[in-house]
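Please keep the sequence and the model in view while reading.

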Amino acid sequence: MGNINDGIEPAMLSRLLRGETAIDLAFLPDDTTGVSAKIFIEAPPEAVWAALTDYDNLSATLPKVVFSREAERHGTTVLLDQTGKTGIFFFEKTVTFRLRVEEEYLKRIRFEQVSGDFETYRGSWVIENLPERNGTILLYEAEIKPAFFAPAVLVSFVQRQDLPGILKAHKQRAETLWKT
């Protein structure tokens, strides 16, 4: 993957700079949902990185995250245990999973489930510095397929509903860290 800015049209960049989140969903083979989301954060990559990698405190800063703990660390590889709530209306389910996280300092965090409630859960957080705008674009990409019954259309609906809050929470945390 190249520079994120190479793929952002001026109209999209303008929307992001106005505080909007951009979310794209795709129906992939085998009932897997593809997700891509972006947000502009008025903080440098270091603050965004600090917000993303505060693994033991994500439950305090992110909606729907009930528990998050760094279970093991070996250099830039982390095993991360998480529990979250997913679903809509009265159909909310608690999901638990362990992720293998590969960190590329100030650039990218790749993750993939190694055990848990998903058949497929992998993706990345990509950090792109925009020094000319005094900020950072945060990109989230994932492929998601629950191991429990949840049609792709429902998974995509939940992602469209939940991702703005998650991105805005990372934005708020990074901007708060930067200002303090």
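Is Asp 30 buried or exposed? Asp 30 has a relative accessible area of 54% and is therefore exposed, where exposed stands for over 50%, buried for under 20% and partly exposed for values in between, calculated with a 1.4 Å probe on protein chains only. The model is predicted, so local features need pLDDT of at least 70 and side-chain atom pairs count only at pLDDT 80 or more, whereas totals for chains, interfaces and linings use all residues. Residues are numbered from 1 along each chain as its sequence is written, and side-chain values use heavy atoms, with hydrogens and water left out.

Asp 30 lies in the loop between strand E1 (22–28) and strand E2 (32–41); strands (E, at least two residues) and helices (H or I, at least four) are DSSP runs numbered from the N terminus. Asp 31 belongs to the loop between E1 and E2 as well, and its relative accessibility of 54% makes it exposed. Most residues other than glycine have a negative phi. In Asp 30, however, phi is positive, near 65°, and in Asp 31 it is also positive, at about 60°.

Helix H5 covers residues 152–179, and its 28 residues should span 40 Å at 1.5 Å a residue; the end C-alpha atoms are 40 Å apart, so the two values agree. The expected span is 1.5 Å times one less than the number of residues.

The largest pocket holds about 810 Å³ of space. A pocket is an open set of points on a 1 Å grid over the protein atoms alone, where a 1.4 Å probe fits and protein lies on both sides within 12 Å along at least five of seven lines; lining residues have an atom within 4 Å of a point. Among the 40 lining residues, Phe 97, Phe 118, Tyr 121, Gln 159 and Ile 166 are the closest to the centre of this pocket. Its lining divides into 29 nonpolar, seven polar and four charged residues; Ala, Val, Leu, Ile, Met, Phe, Trp, Tyr, Cys and Pro count as nonpolar, Asp, Glu, Lys and Arg as charged, and the others, Gly among them, as polar.

The second largest pocket holds about 230 Å³. It is lined by 13 residues, and Arg 110, Phe 111, Arg 122, Gly 123 and Ser 124 lie nearest its centre. Its lining has three nonpolar, three polar and seven charged residues.

In soluble globular proteins, nonpolar side chains tend to be buried together. The largest nonpolar core here has 38 residues, and those with the most contacts inside it include Val 101, Phe 111, Tyr 121 and Trp 125. Such a core is a set of buried Ala, Val, Leu, Ile, Met, Phe, Trp, Tyr and Cys residues joined through side-chain atoms within 4.5 Å. H5 gives this core its largest share, six residues. Helix H3 (45–52) is among the elements that give two or more residues to the core. Because six of its eight residues are buried, H3 is largely enclosed by the rest of the structure; Trp 49 and Leu 52 are among the buried ones.

Technical notes:
Grid points are joined across faces, edges and corners, and a volume is the space filled by probe spheres set on the points.
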